[in-house]
Amino acid sequence: MAQSSTAAGREANLLERSAELAVLAEQLKAVTSRAGGRLAFVAGEAGVGKTALVRRFAATLPATVQLMSGACDALVTPRPLAPFLDVAALTGGELEELALARTGAKPHEFAAGLMRELRQRAPSVIVLEDLHWADAATLDVLRIVARRVESVDSLIIATFRDDELDRMHPLRMLLGGLAGAGAVTRIKLAALSEAAVAQLAEPYGVDATELYRLTSGNAFYVTEVLAGGTHAVPATVQDAVLARTAGSARPAARWSKLHPSCPRPPSSGSSRRCAPRPSGTSTNAWPQASSPRRRMESPSGTSWRAWRWRHRCP
Ligand SMILES: Nc1ncnc2c1ncn2[C@@H]1O[C@H](COP(=O)(O)OP(=O)(O)OP(=O)(O)O)[C@@H](O)[C@H]1O
Ligand SMILES: [Mg+2]
């Protein structure tokens with residue numbers, strides 16, 4: 001997947017993930033030492049850093065390990081077998097033929113083709129991203145492969161937002177069915193600590209305690225607010241966050257704290273500031289962390305009451 005240099009730069013500074021990277025490395029070791037294939041689920045809320053973790057791990061793979069990846073998309077009509085079609089486009093051959101079959105391959109046929117492909121390409125790592133959006137056929141293929149993964153020298157890494165799985169979500173059923181399977185590992189990503197947020201915020205001279213309080217350490221919020229470089233969160237970031245958090249309760253609740261359309265009344269707490277200042281910018285535009293804290297204002301500078309009424313905030 002294409003990555004901007006900014007995103008790549010930010011991912012270079014991956015904090016507090018050494019334990020998770022070590023777990024993935026351990027799974028890979030089992031695969032490369034021919035102790036059998038593994039399936040690792042990487043779970044966490046929207047924006048916690050699942051993709052960044054997996055990309056960092058993928059970047060460390062030896063040249064002898066083949067890397068293939070695919071992703072599910074947030075479509076109203078999900079593309080059947082979406083992440084496996086991405087993988088098939090990379091492998092070509094029989095798997096691609098199955099993927100392109102006019103009538104569409106059945107999950108068990110596709111799973112059998114995938115297992116054959118994995119045997120030929122050992123050792124390999126397959127990354128399947130965003131399974132919370134997977135269609136039923138994708139989950140069926142994964143269910144079939146998961147039960148047989150020990151027979152191929154492959155590490156399958158599957159990411160998903162665990163805050164988007166309600167009790168009846170089909171992925172939850174799949175996870176429940178695999179509970180206790182020896183070849184299956186779950187890695188749960190936690191939000192960044194206050195110390196990590198402070199480390200990321202340090203070059204910008206922002207009030208790290210306030211940034212942590214507002215973001216609760218969600219890596220996406222933290223990095224995007226810092227990259228935004230304005231007192232208000234940029235509209236593009238607002239759109240990105242709202243798209244990411246649609247259907248996700250916890251980040252959405254946090255976003256309501258960040259979102260400028262619903263600031264808290266000045267009386268509800270002290271004045272607050274979350275004003276990222278990229279290095280090199282003028283201190284006029286970016287108050288220093290040590291400067292007196294500014295009261296949070298509506299974007300237009302109108303009174304809280306008038307602004308709140310205009311934006312229909314409760
Ligand atoms: N451990 C980390 N340390 C520093 N920055 C991080 C870390 N993890 C992620 N980030 C930053 O946060 C951004 C969001 O992370 P990422 O896209 O990996 O989240 P995600 O969990 O995959 O989100 P989604 O659920 O939307 O797919 C990344 O672009 C990266 O810049
Ligand atoms: Mg992701």
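The legends below accompany several close-up views of one predicted model.

In this predicted model, local features need a pLDDT of at least 70 and side-chain atom pairs count only at pLDDT 80 or more, while totals for chains, interfaces and linings use all residues. Residues are numbered from 1 along each chain as its sequence is written, and chains are lettered from A and ligands numbered from 1 in the order in which they are written.

**View 1. The chain as a whole has 14 helices and 5 strands.** Helices (H or I, at least four residues) and strands (E, at least two) are DSSP runs, numbered from the N terminus. Of the 314 residues, 39% count as buried, a residue being buried if 20 or more other C-beta atoms lie within 10 Å of its own, exposed if 12 or fewer, and partly exposed in between, with C-beta atoms placed from the backbone. Among contacts between residues at least 6 apart in sequence, 75% join residues at least 24 apart, where a contact means that the two C-beta atoms, placed from the backbone, lie within 7 Å.

**View 2. Strand S3 (residues 124–129) is largely enclosed by the rest of the structure, because 6 of its 6 residues are buried.** In a regular strand the side chains alternate between the two faces of the sheet. In S3 both faces are covered, with Ser124, Ile126 and Leu128 buried on one side and Val125, Val127 and Glu129 buried on the other. S3 pairs in the parallel sense with strand S2 (residues 66–71) over 6 bridges, and two strands are said to pair if DSSP finds at least two bridges between them. S3 also pairs in the parallel sense with strand S4 (residues 154–161), over 5 bridges. Serine 124 stands opposite glutamine 66, and its bridge partner in S4 is serine 154. From S3 the chain crosses through helix H7 (residues 136–148) to S4 in a right-handed β-α-β crossover, which is to say that, with the strands pointing away from the viewer, the path from the first strand over the helix to the second runs clockwise.

**View 3. Strand S1 (residues 38–44) has 7 of its 7 residues buried, so it is largely enclosed by the rest of the structure.** Arg38, Ala40, Val42 and Gly44 point one way from S1, whereas Leu39, Phe41 and Ala43 point the other way, and all are buried. S1 pairs in the parallel sense with S4 over 7 bridges, and valine 42 stands opposite threonine 159 in S4. S1 also runs parallel to strand S5 (residues 184–188), joined to it by 5 bridges, with leucine 39 opposite valine 184.

**View 4. Leucine 95 is found in helix H5 (residues 93–100).** Leucine 95 counts as buried because it has 22 C-beta neighbours inside 10 Å. Leaving aside neighbours within four places in sequence, leucine 95 is in contact with Ala88, Gly113, Leu114 and Glu117. Leucine 95 and alanine 111 are 16 residues apart in sequence, and their C-alpha atoms are 9.4 Å apart in space.

**View 5. Helix H11 (residues 219–228) is largely enclosed by the rest of the structure, because 8 of its 10 residues are buried.** The buried residues of H11 are Ala219, Phe220, Tyr221, Val222, Thr223, Glu224, Val225 and Leu226.
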